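I am opening my notebook on a structure that is new to me.

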Amino acid sequence: MRNTIHDDKIGEKLPAADKKKIEDSVEEATKRLCGNQLAEADEFEDKMKEQESVCNPIIAKMYQGAGGESSGPADDEAPPTAGGAGPKIEEVD
């Protein structure tokens, strides 16, 4: 996530307050996990869900155009769609 917000294409679309919120969340999670390496898997999963609850709305808002000047993801950033014009796979005997 830290690398994502420092990426030129994405970072420039995020307001400084949102970048700070993500940075603070990542830093806090990193400190907590590094200081507690003997934690159970459930604790790591909980921290991951907490991290996602902070970051996902910000990134979603950015892709919806509310977080920057773009109205959505560029073609090369768009998620793949099912049933697209991708290659056909034929079964060979």
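Predicted model: local features only at pLDDT ≥ 70, side-chain atom pairs only at ≥ 80, totals over all residues.

Which residues of helix 4 are buried? I looked them up and found Lys-47, Gln-51, Cys-55, Ile-58, Ile-59 and Met-62.

**Entry: the whole chain**

I stepped back to see the chain as a whole. I count four helices and zero strands in the protein chain, and reading along the sequence gives me the pattern α-α-α-α. The chain has 93 residues, and buried ones make up 22% of them. I also checked how far apart along the sequence the contacting residues lie. Among contacts with a separation of 6 or more, 51% join residues 24 or more positions apart.

**Entry: helix 4**

Back to the helix I began with. Helix 4 runs over residues 41-63, which is 23 residues. I find 31 Å from its first C-alpha to its last, close to the expected 33 Å. After the helix comes Gly-65, and the phi of Gly-65 is positive, near 95°.

What covers the buried residues of helix 4? My list of covering elements includes helix 2, residues 8-11, and helix 3, residues 16-34.

I then picked out Glu-50, which is also in helix 4. Glu-50 has a relative accessible area of 39%, so I put it down as partly exposed. From the C-alpha of Glu-50 to the C-alpha of Ala-29 I read 9.0 Å, with the two residues 21 apart along the chain.

**Entry: helix 3**

Next I turned to helix 3. Helix 3 has 19 residues and reaches 27 Å from first C-alpha to last, close to the 27 Å expected. Its buried residues are Asp-18, Ile-22, Ser-25, Val-26 and Ala-29. Why do I place them on the same side of helix 3? They cover an arc of only 95° around the axis, so they share one side. The face turned away from that buried side carries the exposed residues Ala-16, Ala-17, Lys-20, Lys-31 and Cys-34. Among the elements covering the buried residues of helix 3, I wrote down helix 1, residues 2-6, and helix 4.

Two of these buried residues got a note of their own.

- Asp-18 sits in helix 3. Its relative accessible area is 11%, so it counts as buried. Beyond its neighbours within four places in sequence, I find Asp-18 in contact with Ile-58 and Lys-61.
- Ser-25 is in helix 3 too. At 13% relative accessibility, it falls under the 20% cut-off and therefore counts as buried. Leaving aside neighbours within four places in sequence, Ser-25 is in contact with Gln-51 and Val-54. I also read 9.8 Å between the C-alpha atoms of Ser-25 and Glu-52, which lie 27 residues apart along the chain.

**Entry: the nonpolar core**

Which residues make up the largest nonpolar core? I wrote down nine: Ile-5, Ile-10, Leu-14, Ile-22, Val-26, Cys-55, Ile-58, Ile-59 and Met-62. Helix 3 and helix 4 are the elements that give two or more residues to this core. Helix 4 gives the most, with four residues.

With its neighbours within four places in sequence left aside, Ile-10 is in contact with Thr-4, Met-62 and Tyr-63.

**Entry: the cysteines**

Is Cys-34 buried or exposed? I find 51% relative accessibility for Cys-34, which is over the 50% cut-off, so it counts as exposed. Cys-55, with 3% relative accessibility, counts as buried because it is under 20%.

How many disulfides did I find? My count came to zero.

Terms used
Residues numbered from 1 in each chain as written. Heavy atoms only, no water. Expected span 1.5 Å × (residues − 1). Buried < 20%, exposed > 50% of the residue type's maximum accessible area, 1.4 Å probe, protein only. Contact = heavy atoms within 4.5 Å. Disulfide = S-S within 2.5 Å. Core = buried A, V, L, I, M, F, W, Y, C linked by side-chain atoms within 4.5 Å. Arc of directions from axis to C-beta.
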